[in-house]
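Thanks, everyone. I have one structure for today, and I will keep to what was computed from it. Please have a look at the picture first.

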Amino acid sequence: MAEATSPDIRDLILALDKKFDSQFNELDKKIDSQLSSLDKKFDSRFNELDKKVDSKFYELDKKIDSKFYELDKKIDSKFYELDKKVDSLDKKIDVQNAEVKGEVSLVGAEIKCLEEKMDGFGKRIDQQEFISRGAIITLLAGVATGFIKYLSSPANCCTPI
């Protein structure tokens, strides 16, 4: 009986081994199928997340572009306004420069006119000095002549004082 039980144990061990192998194979297949389904789920989730992230980046990029466009418009309008102001200030400066140049030319003309008047006054003064000197000389000559006549008259000549 000992011999009969040995092959039975062997058969039982072989049967158990086959059963374990088949269960391991089934378990392997289940694990493989679960892993592949998980892999598919992860891939689909990653694809969904990629799409969401890409759409968010696209929306963000659109918003940034629109903000840059608005900012660029504002900057351009401000530059345009500044250019207008600078141009108007340039025109005002040009007008004021022209006015100043006109005033300077008027002042120059007035200075020339005053110089001519001063020259005229100087000539008049010179003429008046000449006339005054002539009158004084004539007066002195008249007084001297009168004095000489007085001294030369016979009544004054011989009378003692």
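Predicted model: local features only at pLDDT ≥ 70, side-chain atom pairs only at ≥ 80, totals over all residues.

Let me start with one residue. I93 has a relative accessibility of 44%, so this isoleucine counts as partly exposed; the cut-offs for that class are 20% and 50%. I93 sits in helix α1.

Now the whole protein. How many helices and strands are there? Two helices and zero strands. The radius of gyration is 66 Å, whereas the globule rule gives 15 Å for 161 residues, so the protein is more spread out than a compact globule. Along the principal axes, the C-alpha atoms take up a box of roughly 220 × 35 × 15 Å. As for burial, 0% of the 161 residues count as buried. The accessible surface is about 15500 Å², and carbon and sulfur atoms account for 64% of that.

Next, charge. I count 28 positive and 32 negative side chains, with the centres of the two sets 8 Å apart. On the surface, a patch of positive charge is formed by K52, K56, K63, K67, K74, K78 and K85. Of these, K78 lies in helix α1, which covers residues 2-152. A patch of negative charge brings together D83, D87, D90 and D94. D83 is also part of helix α1, and at 48% relative accessibility it counts as partly exposed.

That is all I have.

Conventions: Residues numbered from 1 in each chain as written. Heavy atoms only, no water. Patch = residues over 30% accessible without salt bridge, like charges linked within 9 Å, V, L, I, M, F, W, Y side chains within 5 Å. Areas by Shrake-Rupley, 256 points an atom, 1.4 Å probe, with all protein chains shown as cover. Salt bridge = Lys/Arg side-chain N within 4 Å of Asp/Glu carboxyl O. Lys, Arg positive; Asp, Glu negative; His and termini not counted. Charge placed at Lys NZ, Arg CZ, Asp CG, Glu CD. Helix = DSSP H or I, 4+ residues; strand = E, 2+ residues; numbered from the N terminus. Buried < 20%, exposed > 50% of the residue type's maximum accessible area, 1.4 Å probe, protein only. Rg over C-alpha atoms; globule rule 2.2 N^0.38 Å.
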